[in-house]
Amino acid sequence: MFALLAVFGFLVVVATMLLARRRATRQHAAIEESNARFAELLKAQTELQGRVAAMTDVFGARQAETNQAINQRLDGLTRQLGSSISEQTRATHENLRRLQERLAVIDTAQTNIQSLAKDVVGLQAILSNKQTRGAFGQSRMETIVADGLPIGAYQFQPQLTNGARPDCTIRMPNGQPPLVIDAKFPLEAWNAMGTAEAPEAAKAAAQQFRRDMEVHIRDIAEKYLLPGETQDTAFLFVPSESIFASVHENFEGIVQRAHRARVVIVSPSLLLLSIQVLQALLKDQRMREQAHVIQGEVTRLMDDLTRLDDRVRKLHGHFTAAQKDVDQILTSTEKLARRGARIGELELEQAVADPAPSGSPERSAESRTGQLRLRVVDED
């Protein structure tokens, strides 16, 4: 019984030990599996940390590139914005400057308009007086003549042989008599026509103007057209283009009468054109007067050119003779060179003779012309 108990106890102990060992084996396997899983977890964690670090580096690099690109774009936008602002500011300043210039031009034009209005008022005051009106026409005529002709080609208010004093005379070319210009155009009746309100008053003013013009044309023809002293044609100066056009349009009879009396009615533009023609004629006259001087200078120039040609030909002869002498010298030098070359090409033969004293050999060469003895000293 005791033995059975002992065996049963032993079996229980053995079973307990087997169970404990199996349990320990299972626990060890579980621990190893846990360790393996922990190692795998550590490895995965390490790989994850590496990937996170790599991703961090990549994200950092990309963020740096993005920041750099953003900074570059911001810098470009800043520069572009600054350039646009500068350009806009410059354009604004330029527009303001142009605006100021235009305002200055407008102010100047306004000042000129005011001055012109004053001048018109003054001109009306001048034209209302007969003496001042005549002085105004004469002053304008003198200005045109003085601007277009040189000094000495005209004369203001000279005295003629009959005692008359025309407003201006212009010297004509080729010794012709001077041309007379009159600037006393009657404007009383003309102004009366402009200020007349009733048709009868305007008609009466037109008749008065026609009579004044006829009288003035007759006076010019009688006082200033002197045979042999003045030209057979005179100018009647009208100090206004509008009056000149109106006279030719509305008073054709006065124009025809002036032509028959050899009096030409001229406006400022026609007077300027006539003066330009006269200036060209005077210039042509001066050129013709100096033509003989030019011909003389050309003749003397041709004489000098002939002498220069003779001297050049003589010098060319001297150069030709010198060239011939040089060619002859070159021919002689070529002959000498050829002869020297032939002498250098001669064959030297050893002459059969007594040996020279002091151990120095004496050699001789015989040419066609004779025997040439050469003393050759050998050097160590």
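In this report, two strands are said to pair if DSSP finds at least two bridges between them. The strands themselves (E, at least two residues) and the helices (H or I, at least four residues) are DSSP runs, numbered from the N terminus.

The structure is a predicted model, in which local features need pLDDT of at least 70 and side-chain atom pairs count only at pLDDT 80 or more, while totals for chains, interfaces and linings use all residues. Residues are numbered from 1 along each chain as its sequence is written, and side-chain values use heavy atoms, with hydrogens and water left out.

## The sheet

Five strands make up an open sheet, arranged in the order β1-β2-β3-β4-β5 with mixed pairing. In general, the strands of a sheet pair through backbone hydrogen bonds, either parallel or antiparallel. The edges are taken by β1 (154-156) and β5; each has a single partner strand, so one side of each is left without a neighbour in the sheet. On average, and with direction ignored, neighbouring strands are turned by 25° against each other; for such angles, axes are lines fitted to C-alpha atoms (for helices over the stretch in contact), and values run from 0 to 180 degrees between N-to-C directions.

Strand β4 has parallel partners in β3 (residues 179-182), through three bridges, and in β5, through four bridges. Towards β5, alanine 234 is bridged to valine 263.

How do the side chains of β4 point, and are they buried or exposed? Ala234 and Leu236 point one way, Phe235 and Phe237 point the other way, and all are buried. Here, buried means under 20% relative accessible area, exposed means over 50%, and partly exposed lies in between (1.4 Å probe, protein chains only).

## The nonpolar cores

A nonpolar core is a set of buried Ala, Val, Leu, Ile, Met, Phe, Trp, Tyr and Cys residues joined through side-chain atoms within 4.5 Å. The largest one has 28 residues, and those with the most contacts inside it include Phe185, Trp190, Phe209 and Leu236. At least two residues of this core are supplied by each of α3 (188-195), α4 (199-224), β4 (234-237), α5 (241-250), α6 (252-260) and β5 (263-266). Helix α4 gives the largest share, seven residues. Another core, of 19 residues, lies apart from it and has Met141, Cys168, Ile170 and Leu271 among its members.

## Salt bridges

A salt bridge is a side-chain nitrogen of Lys or Arg within 4 Å of a carboxyl oxygen of Asp or Glu. By this rule the count comes to nine, and the table presents examples.

| Arginine 90 | Glutamate 87 | 2.4 Å |

Within helix α1 (residues 2-127), arginine 90 and glutamate 87 are three residues apart, about one turn of the helix. Arginine 97 and glutamate 101 are four residues apart in α1, which means that about one helical turn separates them.

## Backbone and surface

Which phi does arginine 262 have? Although arginine 262 is not a glycine, its phi is positive, at about 60°. Glutamine 157, also not a glycine, has a positive phi of about 50°. This glutamine lies in the loop between β1 and β2 (168-170) and is partly exposed, with a relative accessible area of 41%.

On the surface, Ile294, Val298, Met302, Leu305, Leu308 and Val312 form a nonpolar patch with about 550 Å² of accessible area together. Patches are made of residues with over 30% relative accessible area and no salt bridge, like charges being joined within 9 Å and nonpolar side chains (Val, Leu, Ile, Met, Phe, Trp, Tyr) within 5 Å. Accessible areas come from the Shrake-Rupley method with a 1.4 Å probe, and for residues only the protein chains shown count as cover. Methionine 302, one of the patch residues, belongs to helix α8 (residues 291-344) and is partly exposed at 45% relative accessible area.
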